[in-house]
Amino acid sequence: MFVDHPGEKRRPDGERLTLDLARKSSDFHEFSPYEEDAGFLRIAYYRSLVAAEKVTHFLLPTLQKHRDRLQRPDDLRGILPFAEVTLTNAEKEAVAKIMEGFVLLRMGSAEGVYVLANLDNSQMGQRQSNDTENEFSVVGPKSGFVENLDTNLHLLRAKLPTPELIIETLTIGSHSKTKVAVVYLENVANPEYVQAMKQRLEDFDFEVLYDTSQLEEILADNSNTLFPLFLSSERIDRITYAITSGQVAVFSNGSPYAMAAPANFLGFFVSPEDYYLPWVLGSFFRFIRLLSVMFSIFATPIYVAVMTFHYEIIPESMLGPLIESRIHVPFPPVVEVIFLEITIDLLREAGARLPSKIGQTLGIVGGIVIGEASVQAALTSNILLIIVALSALASFTTPIFKMANTIRLLRFPFVLLAAFWGGLGITAGFLMLMGHLIRLKSLGTPYFVPLFPFRKGNLDDSVIRASYQYSSHRSLFLRPLSAFRYHPRSRKEDGDVE
């Protein structure tokens, strides 16, 4: 049985959505085409849903030309050059049409009557290619954000057509004058997070803003940490899910990435693909990612510690192959590990900077040739080559690029600790890492939640992906105003819906 969260604010049944709510968003534009008589006719629409050139080139000239013919709202039907013009006196219907991309026209002499015109904005927000490049998934939508802020807001509005989606714009950069948008759901996001984000942006003093990554580093609670404290993504579905969960998103003009906060550590290992697969498969793949992270960080340090200090834990059946693989290697384990790790990173960086087809060829051929040559030249052992290759593959399972970079870098201090103090060094490094993660905060929220502080109720959408029937509530560490996304119907034992 599901019960409401004590602090949840729920909309009473039948409550009407008003235009006052729509006006809170900065992309809601309302004006009069007649300067001499502003009260005679008012036009309202969302800039992120309606092409401004269609308003300027088609709507306004028509209204200016036929000003004398307008006496009542029904006259607009005869003069507007659009295929779909709707007349209604229901404010809720008018708001719903506005969210679909219609333009609202209201005459001052006919209060409560709304005329809505469809300007056909079907091509708005589209470009030749806006596929995600760094967050690819096999299942689910492939579309991502682009470098234009208005286009991104249109894509988001199309995914969340509700007036409760509030967009507030700011101007950042003393020289660049870059437009930045703060986006959130008014009935879901905690006002403290919204105010904290806006306050940090208003206090932001920078000459030129190139990308949201600059905002992430400067606005973070701790700018000296390796871990990303804001969830950065180019995927529309990931940011949409973050906003509906109660997070605050930030877009900047010129950047195809949006960032959302507060974020937690486990959230960086969640892929949107998890929600497009059956929950058992989604949970399995998510658990595999977490195991891969542990393997990627600790596989090579454990090899160094065992080969340097702890030979006694190696099974007798493995001693022969290990000794044979290292008998001609003149370097200590730490040197060959660092050599191979740097080689893998060089191949990865080179492949990322080259054109895609050349980069793939370089990664495959370079890995095979260099790996085989290193073993034959006695620069490294073949067993370590396998471990390093598996460690590199494991790091690729992290969905967020910035977190994957952090995982790559963490291996090196653990390798050095293992070389100096063996297993004790790895243990000390792990404790220091946990202490650092526990102290981190994202927009004032503990970064390591729900593991610390422990929140049992949030584990169903972090370590695993629970069934939709049992994951209708939002993560309570975000302190959302509405605790539930939806209220699933109770089902009888025979499977019939009540």
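Predicted model: local features only at pLDDT ≥ 70, side-chain atom pairs only at ≥ 80, totals over all residues.
Residues are numbered from 1 along each chain as its sequence is written, and side-chain values use heavy atoms, with hydrogens and water left out.

**Overall make-up**

- The protein chain holds 14 helices and 12 strands, which are DSSP runs numbered from the N terminus (helices H or I, at least four residues; strands E, at least two).
- Of the 498 residues in the protein chain, 50% are buried, meaning under 20% relative accessible area (1.4 Å probe, protein chains only).
- Among contacts (heavy atoms within 4.5 Å) between residues at least 6 apart in sequence, 67% join residues at least 24 apart.

**Sheet β1-β2-β4-β5-β3**

- Five strands form this open sheet, in the order β1-β2-β4-β5-β3 and with antiparallel pairing, where two strands pair if DSSP finds at least two bridges between them.
- Because β1 (28-31) and β3 (85-88) stand at the edges with a single partner strand each, one side of each is left without a neighbour in the sheet.
- β3 pairs with strand β5 (residues 114-118) in the antiparallel sense over four bridges, and valine 85 stands opposite alanine 117 in β5.
- Helix α4 (residues 91-99) packs on the sheet, touching β2 (41-46), β3, β4 (102-107) and β5, and its direction makes about 20° with that of β5; axes are lines fitted to C-alpha atoms, for helices over the stretch in contact, and angles run from 0 to 180 degrees between N-to-C directions.

**Sheet β6-β7-β9-β10-β8**

- Five strands, in the order β6-β7-β9-β10-β8, form an open sheet with antiparallel pairing, and its edge strands β6 (165-172) and β8 (231-233) each pair on one side only.
- Strands β9 (residues 248-252) and β10 (residues 258-261) pair in the antiparallel sense over three bridges, and alanine 249 has alanine 260 in β10 as its bridge partner.
- Helix α8 (residues 236-245) lies across β6, β7 (178-185), β8, β9 and β10, running at about 55° to β7.
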